[in-house]
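Work through the exercises below with the sequence and the structure in view, and try each task before you read its solution.

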Amino acid sequence: PATLTFLIQTLGSQAIVALGIVPGPSGEKHPKDLAMGKHFIDMLEVLEAKTEGNRSPEESEMLRTWLTQLRLTYVEESKS
């Protein structure tokens, strides 16, 4: 079913693919697209702002965790 949790996971997964963290189906490295990775992080930030006060504690924690990890990964990948 369509849930906020699924949407968070979908956007987060797209971000890590764009940041070049997840290998392709044949094990090849995906090309890094920092702009697209940042776009997905920004989308999660919009989701966070627009759903403020309407999330369960579990949804809030999941969103906070994804954003923290993605921001750290973005900074690290930007350096290399």
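Axes are lines fitted to C-alpha atoms, for helices over the stretch in contact, and angles run from 0 to 180 degrees between N-to-C directions. Helices are DSSP runs (H or I, at least four residues), numbered from the N terminus. The model is predicted, so local features need pLDDT of at least 70 and side-chain atom pairs count only at pLDDT 80 or more, while totals for chains, interfaces and linings use all residues. Residues are numbered from 1 along each chain as its sequence is written, and side-chain values use heavy atoms, with hydrogens and water left out.

**Exercise 1.** Determine how α1 and α3 are oriented to each other.

Solution. Begin with the angle, which is about 5 degrees, the axes being 10 Å apart. Angles under 35 degrees count as roughly parallel, and α1 and α3 are therefore roughly parallel to each other.

**Exercise 2.** Describe how α1 packs with α2.

Solution. Helix α1 (residues 4–18) and helix α2 (residues 34–50) pack at an angle of about 160 degrees, with axes 7 Å apart. That makes α1 roughly antiparallel to α2, a word used for angles over 145 degrees.

**Exercise 3.** Find which residues L67 is in contact with, leaving aside its neighbours within four places in sequence.

Solution. Contact means heavy atoms within 4.5 Å, and on this basis the partners of L67 are I41, L44, E45 and E48.

**Exercise 4.** Name the residues of α1 and α3 that meet.

Solution. On the α1 side they are L4, T5, I8, Q9, G12, S13, A15 and I16, and on the α3 side E59, M62, L63, W66 and L70.

Terms used
Helices (H or I, at least four residues) and strands (E, at least two) are DSSP runs, numbered from the N terminus. Angles under 35 degrees count as roughly parallel, over 145 as roughly antiparallel, 65 to 115 as roughly perpendicular and the rest as oblique.
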